[in-house]
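Hi there,

Here is the structure I promised to pass on. Please have a look, and then read on for what turned up in it.

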Amino acid sequence: MGLFDFLFKWMKKKNKTNEETVKNESPVEETIASTHEETSAPIEENIPPIPQETNIILEEETSVVIEETTTPSINEDGNRFDLEIVEALRRFHSNPDLDIDIEIKNNIQNAHQTHRDLFREWTGIQSKWDRMSLLYRFWDQSQFEKLEDWQVIERYVKDRYPKKALQYFEKNMSDKRHFTKEELVSLSKLHRVLLENPTAKEYIETAYHNHPEDDAVKVEYATVLHIIGNHSEKEFSHQLFHDVLDKKIQRNDTESVFDCFKFSEGYTDSSIFAMLYLINTEADIDTWDYVAEEYYYCPVFRYEHAVQLSQSENPMRALAKLTSLSQEFPWFRIALESTIGNIKSMRKQLNNPEFMEQELQEFQTSLKNL
């Protein structure tokens, strides 16, 4: 099945679902400009007024997953924990096909029973990536020394600690004269998260020059070229990316094109192309939430997710996402400016001049320091 047939199949299913959905109109109060480079005009955000009696909870993952509407049994939580601790180990090693050795299997068999304190803390965390962060710290104790340099960089980048990754690079890798292709890809990702795209391009161009047939290299090079390339480079980036994506689709191991971006064998690890597919297929919020689980570490993806949430009349989720984004990536100017603007707008809607005062001061300070 070719790429366009695959997309057409998914779009037919989506359009059938959308026919049953009715959206309510809401007044415009504040705008969040889309960062999507191929949109002909900025996307405006509809932020509806919040009634004063509304209970405001700025918790980004509130009302997102079905499990939050009911209380899962201990067995259900235990089963999920046992699965996630193995997933975290594979993500920790940046290897979706990692073979779990006997010693580790014995250590984590019925992990929710053998690691009760860890399990108890895990059950109190809603966000998938906050749970992964907890499990990463658990695996640090026994696995960190086994990681290669590029895996350490990925471990910190995917865990939303790019500054730690940069410190590790400066201490352990900066004297290297030659980097492996895996190191070059991971360093490109690091600098993309830091919004230092020209530096990312230097690393990944070297990787592509030396390893032009490597799929991971091609995907990362395509991603960077799309961000900062000229028109012909963007066209080339799409060709590169689709060369890899087509192979993934032809294996027939995915239900939709968006599964290709999820952590799995041969997945296409590109937050930017995932974002482009979501926008260009006019994906619904459930699909955005599904893909967002993979790219919580990417500030540009998270910002665009907030844009879509605001457009779909989820102003408080949008503001919650902007708030956590600005706190975790305080060098992202657009996010800071949008968060400040939306806090001020919400103050007017709520007639509450003290709303999120501490956060507002924090973000204004971060903006001044840029």
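A residue is called buried when its relative accessible area is under 20%. Keep in mind that this is a predicted model. Cys260 has a relative accessibility of 0%, so Cys260 counts as buried. Cys298 comes out at 5% and is therefore buried as well. As for disulfides, a search of the whole structure finds zero.

Now to the aromatic rings. The search of the whole structure gives 21 aromatic pairs. One of them joins Phe81 and Phe119: the ring centres are 5.2 Å apart and the planes stand at 65°, so this pair is edge-to-face. Phe81 belongs to helix α2 (residues 74–92) and Phe119 to helix α5 (residues 116–123), so the pair ties together parts that lie 38 residues apart in sequence. Phe81 and Phe119 are both buried.

Another pair is formed by Phe329 and Trp331. Their ring centres are 5.5 Å apart with the planes at 85°, which means that this pair is edge-to-face. Phe329 and Trp331 are buried too.

Which residues do ring pairs link into a cluster? They are Phe241, Phe261, Phe273 and Tyr277.

Two contacts between a charge and a ring may also interest you. The charged end of Lys262 sits over the ring of Tyr290, at 4.5 Å from the ring centre. Likewise, Arg302 has its charged end over the ring of Tyr296, 4.0 Å from the centre of that ring.

Methods: Residues are numbered from 1 along each chain as its sequence is written. This is a predicted model: local features need pLDDT of at least 70, side-chain atom pairs count only at pLDDT 80 or more; totals for chains, interfaces and linings use all residues. Side-chain values use heavy atoms; hydrogens and water are left out. A disulfide is a pair of cysteine sulfur atoms within 2.5 Å. Buried means under 20% relative accessible area, exposed over 50%, partly exposed in between (1.4 Å probe, protein chains only). Rings of Phe, Tyr and Trp (its six-membered ring) pair if their centres lie within 6.5 Å; planes under 30 degrees apart count as stacked, over 60 as edge-to-face and the rest as tilted. Helices (H or I, at least four residues) and strands (E, at least two) are DSSP runs, numbered from the N terminus. A charge sits over a ring if NZ of Lys or CZ of Arg is within 6 Å of the ring centre and within 35 degrees of the ring normal.
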